Amino acid sequence: MDINQLIAEYGTYTYLIAFIWTFLEGETIVLFVGFAAAQGLLNPILLLVAAWLGSFAGDQVYFWIGRHFGLGILHRFPRWRYGVESALRWLERYNTGFILAFRFIYGVRNLSSFAMGLSAIRWQRFLSLNFLAAGLWATSFIAVGYFLGHAFRAVLGHLVRSFSLAMLGAFIAFAVTVSLAHRLQIASCRASAARPELTAISARPFEFSYQKASPSGTSE
């Protein structure tokens, strides 16, 4: 069974899968479904909406968890400390630019929305910027997958639909490679943080960056 048959039978679930995947993870599925949309197998607008809302909802939930339970979680999982501090430094330096771009930055993006929940940023501001950022991210990767699909179709013609299974394997391999690289980067960062000259940085408390938002949306 090729990818065309699979999507013909289960295509209605693809949009739900795209939503759930982007809620939890990253761009691998977005690239692939964009590729499939280029072959006329899926609706690119519905895919864009699913990826946009999934990414937005996921990071909004992580922000909420950071805002209400962040310090307790960090005390329980201190290994997340370096990633959270890195994200807060990016936020302090670039502010709005970081909120719009953190999904594209490997190494800090997984903890960024959680970290911003620990910051003094008002939840209303994060909500609006996160919605815009999720749209930019989803549009970018759907477009890349879509244009890749058209490029392969121009070269391979109708063979591209059977070739899509190979592309799915390539996207999965890409996702695994990125995940392994990210884990190696975290391990390297932890080793660096353990060096004597960096002890002061790794030991800094988070209270300096955390201000609980009041019901009116202003920081206390």
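How many helices and how many strands does the protein chain have? In this predicted model, the protein chain has nine helices and zero strands. Read from the N terminus, its elements follow the order α-α-α-α-α-α-α-α-α. The chain comprises 220 residues, of which 41% count as buried.

**Helix H2 and its surroundings**

- Helix H2 covers residues 28-38, and 11 of its 11 residues are buried, so H2 is largely enclosed by the rest of the structure.
- The buried residues of H2 are Thr28, Ile29, Val30, Leu31, Phe32, Val33, Gly34, Phe35, Ala36, Ala37 and Ala38.
- After H2 comes Gly40, which has a positive phi near 80°.

**Packing of H2 against H3**

- Helix H3 spans residues 44-76, and its axis comes within 10 Å of that of H2, the two crossing at roughly 165°.
- Angles over 145 degrees count as roughly antiparallel, and H2 and H3 are therefore roughly antiparallel to each other.
- The crossing in which H2 passes H3 is right-handed.
- On the H2 side, the contact involves Val30, Val33, Gly34 and Ala37, while H3 contributes Pro44, Leu47 and Ala51.
- By class, this contact of H2 with H3 consists of six nonpolar residues, one polar residue and no charged residues.
- An α-helix has 3.6 residues a turn, so residues three or four places apart point the same way.
- Val30, Val33, Gly34 and Ala37 are the H2 residues in question, and each of these four is also listed as buried.

**Packing of H4 against H6**

- Helix H4 (residues 81-94) and helix H6 (residues 109-118) pack with their axes 8 Å apart, at an angle of about 70°.
- Because angles of 65 to 115 degrees count as roughly perpendicular, H4 and H6 are roughly perpendicular to each other.
- Which residues of H4 and H6 make the contact? Gly83, Val84, Ala87, Leu88 and Leu91 of H4 meet Leu111, Ser112, Phe114, Ala115, Met116 and Leu118 of H6.
- The contact of H4 with H6 divides into nine nonpolar residues, two polar residues and no charged residues.

**Helix H4 in detail**

- H4 has 14 residues and extends 20 Å from its first C-alpha to its last, close to the 20 Å expected at 1.5 Å a residue.
- Within H4, the buried residues are Gly83, Val84, Glu85, Ser86, Ala87, Leu88 and Leu91.
- Just after H4, Asn95 adopts a positive phi of about 55°.

- Thr14 belongs to helix H1, which covers residues 3-24.
- The threshold for burial is under 20% relative accessible area, so Thr14, at 12% relative accessibility, counts as buried.
- Apart from its neighbours within four places in sequence, Thr14 is in contact with Val33, Leu42 and Leu47. Of these, Val33 in H2 and Leu47 in H3 also take part in the contact between those two helices.
- Ser55 is found in helix H3. Is Ser55 buried or exposed? With a relative accessible area of 3%, Ser55 is buried.
- With neighbours within four places in sequence left aside, the contacts of Ser55 are Thr22, Phe23, Arg103, Ala134 and Trp137.
- Trp52 likewise has its place in helix H3, but at 25% relative accessibility Trp52 counts as partly exposed.
- Trp52 touches Phe131, Ala134, Gly135 and Ala138, with residues up to four places away in sequence not counted.
- The C-alpha atoms of Trp52 and Ala138 are separated by 5.3 Å, although the two residues are 86 residues apart along the chain.
- Ala134 is in contact with Ser55 and is also touched by Trp52.

**The loop between H6 and H7**

- Ala120 is found in the loop that runs between H6 and helix H7 (123-156).
- With a relative accessible area of 29%, Ala120 is partly exposed.
- Ala120 and Arg67 are 53 residues apart along the chain, and their C-alpha atoms are separated by 9.4 Å.

How values were computed. Residues numbered from 1 in each chain as written. Predicted model: local features only at pLDDT ≥ 70, side-chain atom pairs only at ≥ 80, totals over all residues. Heavy atoms only, no water. Axes fitted to C-alpha atoms, helices over the stretch in contact; angles between N-to-C directions. Parallel < 35°, antiparallel > 145°, perpendicular 65-115°, else oblique. Left-handed = near helix turned anticlockwise from the far one by under 90°. Contact = heavy atoms within 4.5 Å. Nonpolar A, V, L, I, M, F, W, Y, C, P; charged D, E, K, R; others polar. Expected span 1.5 Å × (residues − 1). Buried < 20%, exposed > 50% of the residue type's maximum accessible area, 1.4 Å probe, protein only.
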